[in-house]
Amino acid sequence: MLLLRNLLAQRVARSAVAYRAVILVVGLFACSGAASDSVTPSGNAPATITITPNTPAIPLGSQLALQAQVHDAGGQLVAGATIFWSSSDTGVVAVSSTGVVTGKNVGIAQVAASAGGQSAIVAVAVVPVAVASVAVLPSTATLSVGGTVVLQAVASDAEGHPISGRPVVWASSAPQVATIDTSGTVTAVSAGTATVTGTSGGKTASATITVTVVPIASVAVVPGSAALTVGQAASFSAVATDANGNILAGRQTAWSSANAAVATVSSLGLVTAVAAGTTTIRATAGGQSGIAQVVVTAVTPPPPTAVASVVVNPATTSLTIGGTATLSASVRDASGATLTGRTVTWSTSASQIATVSSSGVITAIAAGTATIAAASEGKSGTATVTVQSRTPAPAPVASIQVSPATLSLQRNQTGTLTAHVFDASGNELSGRTIAWSSSDDSKISVTPTGASTTLVAHNHNGTVTITATSEGITRTANITVTN
């Protein structure tokens, strides 16, 4: 109330000057309000006017009598003064000739009292009628899951008169049972009881909502039957209805297969064919069941593609007696595409020269030429195998000579060692690999391989052993590094 009084006082202060000019005209011509019929016997001129109450507020549609007192310059009450009353907005506040104001619409209007060229102004606030009570209608309701009902909140004043147009805030004590939207529509979610409240103007009332579950009378599986091949899948659905045939949505369904070896079913009704046979798919909800029959047939494989050619790789092979090699056979169709999973039979035209195993491994027996054939489904391909006599094995290395056997190098000087290899009879052998190594690379480094090696002396004095190795036989030379 204090805040309202301050607001009224501010509005009066801002518009008092402008409105006093209007009131002066009203007082002169008496055309914007009503005046009392009294006379002024004292003849004292009005100096000031006081209106009480000075910050009135009235409920919409209510009335309030304002009192105006006229005083002369000496502060004495001027009895019987003629007073004119006027309103700045008669759509908000109307005022009678006796100062009775009536609230027409919510808002603020200025009411003036004028007499003898003087005037006073008060701001009259018209406020909404206070809500004294709220009733929620209906106060109880029973719904099935998924059902709805619209509630109304009726606000009333202190005298029990309905008040329209007031906003209502709705709430549910158990949204998991029943929800309510801003328009008051209640939707049943699950079985149980919820208290729904409506609040308006600081007053609250409630309604009790009971949610029940309609019992399932029957369950049907759609489709009622299906023919599948092994590996194929199909989706089934369960339709639950009540005793009146109404479809009941959102009911939990359990699925099962009478023979999971023939077809399985998921928790969502997806059936997968496993093996040839017949089984029954069952859907159960609310104690009721429905079934569908599923017939599974085996998949008939397409006829195999005919073999048009067989290609043996490699087409030619050379072996020495006792040697082996593996051939491969590529089985192809008429377009040249490779076929897999086909049986291949191997054969040889001369087993005394070369034999062949069932996996295509050939073995050289004697010098000569043999034809190896690979056959599959009436088609064949061949490869030629040439067998040669064995080449005598080279004589092994028996000894190595390194020259010079000793050598002296100065720092950063280079030198050369040469190795010769011999067989057991003392014959020098050529083309043999010789590996060189140094006992101390920080003093002398060598060329790793070759009949000769280049020695590089570094900045370290001392004696280094250089080793030449070929086929496990070694020989050394001693190299001295000096300043």
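This note sets out some points on the salt bridges, a loop residue and the nonpolar core of a predicted model.

1. The salt bridges, taken together. The count comes to three salt bridges in this model. They are taken up one by one below, with the setting of the partners where it bears on the pair.

2. Arg 342 and Glu 377. These two side chains form a salt bridge in which the closest N and O atoms are 3.3 Å apart. Arg 342 sits in the loop between β34 (328-332) and β35 (345-348), while Glu 377 sits in the loop between β38 (368-376) and β39 (379-388), so the pair ties together parts that are 35 residues apart in sequence.

3. Glu 471 and Arg 432. Here the salt bridge has its closest N and O atoms 3.1 Å apart. Glu 471 belongs to the loop between β47 (462-470) and β48 (473-482), and Arg 432 to the loop between β43 (428-429) and β44 (435-438), so this pair ties together parts that are 39 residues apart in sequence.

4. Lys 443 and Asp 440. The salt bridge between Lys 443 and Asp 440 brings the closest N and O atoms to 2.7 Å from each other. Lys 443 has a relative accessibility of 19% and therefore counts as buried, the cut-off for that class being under 20%. Asp 440, with a relative accessible area of 23%, is partly exposed.

5. Ala 158. This residue is found in the loop between β14 (152-156) and β15 (162-163), and with a relative accessible area of 77% Ala 158 is exposed. Its C-alpha atom is separated by 9.1 Å from that of Val 129, a residue 29 positions away along the chain.

6. The largest nonpolar core. This core has 22 residues, and those with the most contacts inside it are Leu 151, Ala 178, Val 186, Val 196 and Ile 209. At least two core residues are supplied by each of β11 (133-137), β12 (140-144), β17 (178-180), β18 (185-188), β19 (192-200) and β20 (203-212). The largest share, four residues, comes from β20.

7. Surroundings of Ala 178. Once neighbours within four places in sequence are left aside, Ala 178 is in contact with Ser 172, Val 186, Thr 187, Val 189, Ala 194, Ile 209 and Val 211. Val 186 and Ile 209, which are among these partners, are also listed with Ala 178 among the residues with the most contacts inside the core.

Definitions and conventions: Residues are numbered from 1 along each chain as its sequence is written. This is a predicted model: local features need pLDDT of at least 70, side-chain atom pairs count only at pLDDT 80 or more; totals for chains, interfaces and linings use all residues. Side-chain values use heavy atoms; hydrogens and water are left out. A salt bridge is a side-chain nitrogen of Lys or Arg within 4 Å of a carboxyl oxygen of Asp or Glu. Buried means under 20% relative accessible area, exposed over 50%, partly exposed in between (1.4 Å probe, protein chains only). A nonpolar core is a set of buried Ala, Val, Leu, Ile, Met, Phe, Trp, Tyr and Cys residues joined through side-chain atoms within 4.5 Å. Contact means heavy atoms within 4.5 Å.
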